[in-house]
Amino acid sequence: MSERNALCESFLSQTPCATWQRGPLAGDASNRRYERLTGSESQTVVLMDAPPEKGEDVRPFVRIAGYLRAQGLSAPEILAQDCENGFLLLEDLGDDLYARIIEREPALEKELYEAATDALVALHQAPMPELVPYGPRLMAEMAGLAFSKYRAGILGQVDPDLQARFEDQFEDILRETVKGDPVLVQRDYHAENLLWLPDRDGVARVGLLDFQDARAGHPAYDLVSLLQDARRDVPAGIEMQMISRYIAAAGADKSGFRTAYTVLGVQRNLRILGVFARLSLDYGKPHYVDLIPRVWDHFIRGLDHPALAPVAGLLRDSLPVPKPENLEKLRP
């Protein structure tokens with residue numbers, strides 16, 4: 001038995017689930033691992049194994065989960081924890097991910113997106129916890145991953161001066177357009193991280209899974225994450241309807257919010273281009289390359305907005321189009 005397994009067994013031995021049957025659950029892009037534990041009467045819980053030696057820290061998950069639950073949202077309850085060694089026992093919210101539900105029952109798509117949008121409205125009206133800001137400089141640097149990972153992976157060379165010029169110009173755009181009181185942004189709020197819980201009421205029908213990297217940011221950020229999904233095509237009509245739904249419910253300034261939404265969409269999709277290239281080249285996860293064309297389409301569509309004019313030409317000229325021959329260069 002490995003040292004990690006021994007630590008896990010020791011953690012579980014202190015819970016009522018020590019002898020429950022264990023089975024793996026799908027993971028994510030991190031180093032976290034998940035298992036479902038099933039008891040004799042079909043009770044289930046979820047084990048999160050997040051090794052600190054691989055850079056994982058469960059304490060933000062515990063803190064944010066408690067905050068979200070206090071606002072009436074459906075983050076999993078923490079049933080047991082060993083934060084030092086990176087183990088959590090979580091309430092099992094089930095397997096009904098938005099993406100799977102929509103595949104099975106396409107007629108529910110609009111209702112699910114309405115519920116997810118309403119959950120954001122409710123969250124953004126709640127008092128803010130203390131969070132690190134996701135501010136213009138950091139966002140510009142994260143968008144720069146499109147140069148240091150995506151562009152460099154295809155062209156085989158880095159251009160630090162070009163990247164620095166882009167980041168400085170993009171930071172100015174973000175400072176000018178992404179304004180207002182910050183809210184909690186979960187940063188990965190999309191159909192593979194949301195669960196449908198129809199037996200609950202109101203915004204509690206939306207199960208939340210991935211929020212440990214929450215920051216203080218603009219209200220449009222998670223809406224972009226939801227509607228410009230890297231993993232599935234959200235109909236343009238639903239995207240437009242949900243933006244309008246959010247603006248009306250939150251009382252947001254229509255013009256300013258839509259501009260911020262577009263700029264943040266470009267920022268987020270640039271970052272994802274770099275992250276997916278890095279996951280493939282540095283971590284041996286080439287399936288992320290298959291998602292890049294959709295991300296590119298989101299990104300390139302946003303460049304038509306006048307607010308992006310100062311960097312639109314640079315981005316179109318500098319970043320290689322994800323043609324099949326270019327995407328092959330991103331596979332290890």
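## Helix H6 and what covers it

The cover over the buried residues of helix H6 includes helix H5 (136-143), helix H7 (160-177), helix H10 (254-283), helix H11 (292-302), helix H12 (309-318) and helix H13 (324-328), where contact means heavy atoms within 4.5 Å. Helix H6 itself runs over residues 145-155, and its buried residues are Leu145, Ala146, Phe147, Tyr150, Arg151, Ala152 and Ile154. Buried here means under 20% relative accessible area, exposed means over 50%, and partly exposed lies in between, with a 1.4 Å probe and protein chains only. Just after H6, Gly156 takes a positive phi of about 80 degrees.

## Basis of the model

This is a predicted model, in which local features need pLDDT of at least 70 and side-chain atom pairs count only at pLDDT 80 or more, while totals for chains, interfaces and linings use all residues. Residues are numbered from 1 along each chain as its sequence is written, and side-chain values use heavy atoms, with hydrogens and water left out. Helices (H or I, at least four residues) and strands (E, at least two) are DSSP runs, numbered from the N terminus.

## The protein as a whole

The secondary structure of the protein comprises 13 helices and nine strands. Its radius of gyration is 20 Å, close to the 20 Å that the globule rule gives for 332 residues, so the protein is as compact as a globular protein of that length; the radius is taken over C-alpha atoms, and the rule is 2.2 Å times the number of residues to the power 0.38. Along its principal axes, the C-alpha trace spans about 60 × 45 × 40 Å.

Of the 332 residues, 52% count as buried, and among contacts between residues at least 6 apart in sequence, 71% join residues at least 24 apart. The accessible surface comes to about 14,900 Å², of which 48% belongs to carbon and sulfur atoms, the areas coming from the Shrake-Rupley method with a 1.4 Å probe, and for residues only the protein chains shown count as cover. There are 37 positive and 50 negative side chains, and the centres of the two sets lie 3 Å apart. In this count Lys and Arg are positive and Asp and Glu negative, with His and the chain ends not counted, and the place of a charge is taken as NZ of Lys, CZ of Arg, CG of Asp or CD of Glu.

Glu56 is found in the loop between strand S3 (44-49) and helix H2 (59-70), and it counts as buried because its relative accessibility is 13%. Its side chain reaches the backbone nitrogen of Asn31 at 3.2 Å, and a polar contact of 3.1 Å joins the side chains of Glu56 and Arg32. A polar contact is a pair of N or O atoms within 3.5 Å; within protein, one must be able to donate a hydrogen and the other to accept it, and residues adjacent in sequence count only if both atoms are side-chain atoms. Not counting residues up to four places away in sequence, Glu56 touches Ser30, Asn31, Arg32, Ala50 and Pro51.

Ser30 belongs to the loop between strand S1 (21-25) and strand S2 (33-38). Leaving aside neighbours within four places in sequence, Ser30 is in contact with Glu56 and Lys285. Ser30 and Ala50 are 20 residues apart in sequence, and their C-alpha atoms are 8.9 Å apart in space.

Most residues other than glycine have a negative phi, and most peptide bonds are trans. Ser42, in the loop between S2 and S3, has a positive phi near 65 degrees, and Ser42 is exposed, with a relative accessible area of 59%. Arg187, in the loop between S6 and S7, also has a positive value, with phi near 85 degrees, but Arg187 is buried, with a relative accessible area of 12%.

Asn193 is placed in the loop between strand S6 (183-185) and strand S7 (194-196), and Asn193 is buried, with a relative accessible area of 13%. Apart from neighbours within four places in sequence, Asn193 is in contact with Leu97, Asp188, Gly207, Leu208, Leu209 and Asp210.

Asn5 lies in helix H1 (residues 3-13) and is partly exposed, with a relative accessible area of 36%. Asn5 and Asp49 are 44 residues apart in sequence and 9.8 Å apart in space, C-alpha to C-alpha. Ala18, in the loop between H1 and S1, touches Leu12 and Ser13, not counting residues up to four places away in sequence.
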